[in-house]
Amino acid sequence: MEQRLQVLKDAVAGLYAIPRVHQLYINSFMLNAKKDWATLNPSNIPKGVAQARKGCEELRLNDSVRFYSVDSDYYSWSLEKRAITLSAPSIDHLCKSLIFENTRHSPTGDLLDPLNSKYYLVIVQYVSKLNTQKLMNFIRDLSAKQVSKKNYNLRVAPEAKSVELSGYVNNAVTPFGMNTNLPIILSESITKLNPGVFYLGAGHVDWKVSIPIDKFINAPWPQKVFVADILMLINEIFTDVRNSNAANLFVLPHELLTMIFLHFAEDQRMLYSLSNVCRDFNICVTPILYRFPKFTATFEWAQFVQTLIRPKNSRNFGLFVQMIDLSSPDPKTVTDTNSLQVVPIWSSTCVTKSTIGLKVIRRAVGSDDVDDSAGNNTALAPVHSALNMLLFSLPAPQILTPRPTPILSTTTTTQPPRIKISASSLLQLAQFCPKLLILNLANCTILPDTFIYETGEYLSSMQQAPQPYWTTKQVKGVESFIKVLEMCDGLVMIDLKGCEWVTDEVVKSVVKTCRELRALNLTRCGKVTSRLAKLYFDPECGGVRRRVVEDL
């Protein structure tokens, strides 16, 4: 079907390339433009559109532009649907206007000198990829390279500055009627379109405007309009990729890409590298990368928390987090010859969908060999679907290694160095990771923290010295842990081995809030009743809670 559609698109493009057909299209467009202008009443259209219309009028484009009103969810549509709605010849004709700022600008005259301006309005196609290096080279050539390369750093201007310069908000920017006469750079690929018409924003998010390319270039602009080769079409990029051995990887659907990336679920360095390859890889890798983040130092844990709470995240990364291991090495020597361990597994062997399961294994102390023979292990049916993390339902590969790292254990295990955990970091974990399933705090001490009301920050993460007149509130470690229990009520595994801050009251809070609990480790918790200090495991929902309540 895709190949047939492409053949049809090529046939239509070939038809428009015929001079007579092209001219018929332009004649029809101009006729409709005259009719539309007569019916476009400035008093019945949004203020931004009226401003753009006035700009067209000043450029004597009254009979050359057409305005279109679109639905409010226009930008959630595919490019194909947008093109059909606007009656555009193809998605290649859909364009956008971006204001670029040279943050290292070294003025040689007027700030908006077209040969060396601090700001440029750049018009490109949606189906294209802007090459900022080529854009910089073109702008530098305008001044005959009199300005050094070090004085160029082009980036999209901040939204506030864009609104100030153009008078239009994001997704509504248009070259017509701008507050400031910015030099315009038109992508050369737009001038090669057939038929020669392109579509832009029109001063309001829900309005668009179209104009013949030659009319746009030849209009009596008060500023300079340049045509430059500043990009490479995505279609051309994919054509090159398809000719390489790795071609098929870039055109696979997200579901299949995710299944491939699951094979690297234990390799965070590889996942991070894959997430930087392209947008599609990032979409697929991010849920896997954040599912089980690993920490070896306090700084890494602090970085992770700061990433979660960052206000400008494109996605809510915390929703992907399912397992957190902040455990520290056991300071005591264990004399048991054998011990049971509970490990989590993500496996398609449990059911036909990607799930998380629990498994009990037996390991000899001081040995890396796992005794997985019959009678020494108990398989637990899947306890929680991980589909909300993967965003779809597909079989996932077995990723459990022959020698799994124990999460809940009654023996000493190889653990990362001690991580300092502040009460505030647990509160932020509770707030941003509501889908957390597994929490390992073995041998951890939760440090108290202080909340500053005036700044809305915690003392442990502040970069300035606290002031004596600030209003503060103490945050205790136990309170932050209980908050985690309340916010992450789907927890199925909790390891509190060796935690001296755990009391019978804390255990009561655990069994009260965690209704999905299947495993709870309270070994070596010195402040709990002696009969509670053990590893609880029950494959049935509610079994652990029932046993703990009996021992309380």
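1. Let's start with Ser425, which sits in helix H15, covering residues 423-432. Helices here are DSSP runs of H or I with at least four residues, strands are runs of E with at least two, and both are numbered from the N terminus. Is Ser425 buried or exposed? Ser425 is buried, with a relative accessible area of 5%; buried means under 20%, exposed means over 50%, and partly exposed is in between, using a 1.4 Å probe and protein chains only. Setting aside neighbours within four places in sequence, Ser425 is in contact (heavy atoms within 4.5 Å) with Trp301 and Val305.

2. A word on where this comes from: the model is predicted, so local features need pLDDT of at least 70 and side-chain atom pairs count only at pLDDT 80 or more, while totals for chains, interfaces and linings use all residues. Residues are numbered from 1 along each chain as its sequence is written, and side-chain values use heavy atoms, with hydrogens and water left out.

3. Now step back to the whole protein chain. Its secondary structure comes to 18 helices and 26 strands, and 47% of its 552 residues count as buried. Among contacts with a separation of 6 or more, 71% are between residues 24 or more positions apart. The chain exposes about 27500 Å², with carbon and sulfur atoms supplying 52% of that area; accessible areas come from the Shrake-Rupley method with a 1.4 Å probe, and for residues only the protein chains shown count as cover.

4. You will find Val321 in the loop between helix H13 (298-309) and strand E11 (323-325). Val321 counts as buried because its relative accessibility is 0%. Which residues does Val321 touch, not counting those up to four places away in sequence? They are Tyr290, Arg291, Pro293, Phe304, Cys433, Lys435 and Leu436. Lys435 is 114 residues away from Val321 along the chain, yet their C-alpha atoms are separated by 6.7 Å.

5. Phe264 is partly exposed, with a relative accessible area of 31%. Together with Ile260 and Met270, Phe264 makes a nonpolar surface patch of about 210 Å². Patches are made of residues with over 30% relative accessible area and no salt bridge, joining like charges within 9 Å and nonpolar side chains (Val, Leu, Ile, Met, Phe, Trp, Tyr) within 5 Å. A salt bridge is a side-chain nitrogen of Lys or Arg within 4 Å of a carboxyl oxygen of Asp or Glu.

6. Next, a sheet. Three strands form an open sheet in the order E1-E8-E7, with antiparallel pairing; two strands pair if DSSP finds at least two bridges between them. Strands E1 (66-69) and E7 (197-201) stand at the edges with a single partner strand each, so one side of each has no neighbour in the sheet. On average, neighbouring strands are turned by 25° against each other, direction ignored. Five bridges join E7 to E8 (residues 207-212), and Tyr199 has Ser210 as its bridge partner in E8.

7. Finally, look at strand E21 (residues 449-452), which runs antiparallel to strand E23 (residues 472-475), joined by four bridges. Ile452 is partnered with Thr472 in E23. E21 also pairs with strand E22 (residues 457-458), antiparallel and over two bridges, and there Phe451 stands opposite Tyr458. The E21 and E22 hairpin has four residues between the strands, and Gly456 takes a positive phi near 70°.

Technical notes. Axes fitted to C-alpha atoms, helices over the stretch in contact; angles between N-to-C directions.
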